[in-house]
Amino acid sequence: MISLKTANEYLKRLKAIIDFASKAEMITSANKLDTYFRTDTAAEDQRSAYDSDDVERLIEAICTKPLWTYNPSRPERFWIILIALFHGLRLGNIVALTKKDIVKTDKGTWIFELRSGKTKATVRPVAICDCLLLLGFLEWVETLQREKLFQDSTDSFSKWYNRDEKCSDGYMSKGFESKFVTTDTTTCLYSIRHTFAGYVFDVT
């Protein structure tokens with residue numbers, strides 16, 4: 001069993017093949033595919049945001065909990081979480097950041113220079129949150145011996161953040177969140193974007 005959204009992705013791929021075959025005159029136009037399953041709500045829109053207490057526990061967890069046991073060679077992962085929390089950026093944009101993307105403007109403001117993304121609106125400068133600067137983000141970037149800030153891909157970070165693991169009592173726990181932050185089963189890594197969007201809505 002797969003979700004309707006996933007089924008539509010397969011149908012899109014099939015449509016691309018059929019359209020190519022039609023243009024190449026390998027099939028007739030009668031074979032065109034233009035029907036998809038109706039999905040009223042995107043899968044990511046069904047994810048809950050973190051509430052204020054969850055965010056406090058999230059910050060406490062990345063500061064105090066042994067989160068690096070899954071892959072101890074990547075202790076910089078907490079910066080990814082903080083960037084997502086303070087800026088609402090997509091994970092793909094965060095893990096793609098390089099040293100060249102950390103830029104100081106003529107007015108003295110430090111920004112993330114986003115150069116690619118899911119939509120045209122993604123390509124833009126984003127002011128780096130003061131909290132990150134106070135926590136030493138720029139100093140950490142300077143210490144890196146590589147151009148790319150993060151070693152993770154979107155897939156490897158998502159698997160770490162949303163991983164399933166055995167607790168000390170033998171039961172399975174859904175990784176980072178339910179063990180340290182929240183027991184809400186509808187939350188996930190994408191919940192950070194919802195949380196950021198909620199904060200923006202509240203202040204505007």
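Asp19 pairs with Lys15 in a salt bridge, with the closest N and O atoms 2.8 Å apart. A salt bridge here is a side-chain nitrogen of Lys or Arg within 4 Å of a carboxyl oxygen of Asp or Glu. Both Asp19 and Lys15 sit in helix H1, four residues apart, about one turn of the helix. Asp19 counts as partly exposed because its relative accessibility is 21%. The classes are buried (under 20% relative accessible area), exposed (over 50%) and partly exposed in between, with a 1.4 Å probe and protein chains only.

A note on the model. It is predicted: local features need pLDDT of at least 70, side-chain atom pairs count only at pLDDT 80 or more, and totals for chains, interfaces and linings use all residues. Residues are numbered from 1 along each chain as its sequence is written, and side-chain values use heavy atoms, with hydrogens and water left out.

How many salt bridges does a search of the whole structure find? The search finds seven. One of them joins the side chains of Asp152 and Arg77, at 2.7 Å from N to O. Asp152 lies in the loop between helix H6 (137-143) and helix H7 (154-161), and Arg77 in helix H3 (residues 77-87), so the pair ties together parts that are 75 residues apart in sequence. Helices (H or I, at least four residues) and strands (E, at least two) are DSSP runs, numbered from the N terminus. Are the two partners buried or exposed? Asp152 counts as buried, at 1% relative accessibility. Arg77 is buried too, at 2%.

Among the buried residues are Trp79, Ile80, Leu82 and His87. Just after H3, Gly88 takes a positive phi of about 70°.

Another salt bridge brings together the side chains of Asp101 and Arg115, at 2.5 Å from N to O. Asp101 lies in the loop between H4 and S1, and Arg115 in the loop between strand S2 (110-113) and strand S3 (125-127), so the pair ties together parts that are 14 residues apart in sequence. Asp101 is buried at 7% relative accessibility, whereas Arg115 is exposed at 51%.

Thr98 is in the loop between helix H4 (91-95) and strand S1 (102-104). What does Thr98 touch, not counting residues up to four places away in sequence? Its contacts (heavy atoms within 4.5 Å) are Glu147, Lys148 and Leu149.

Now the whole chain. The protein has nine helices and five strands. From the N terminus on, the elements run α-α-α-α-β-β-β-α-α-α-β-β-α-α. Of the 204 residues, 34% count as buried. Residues 24 or more positions apart account for 59% of the contacts with a separation of 6 or more.
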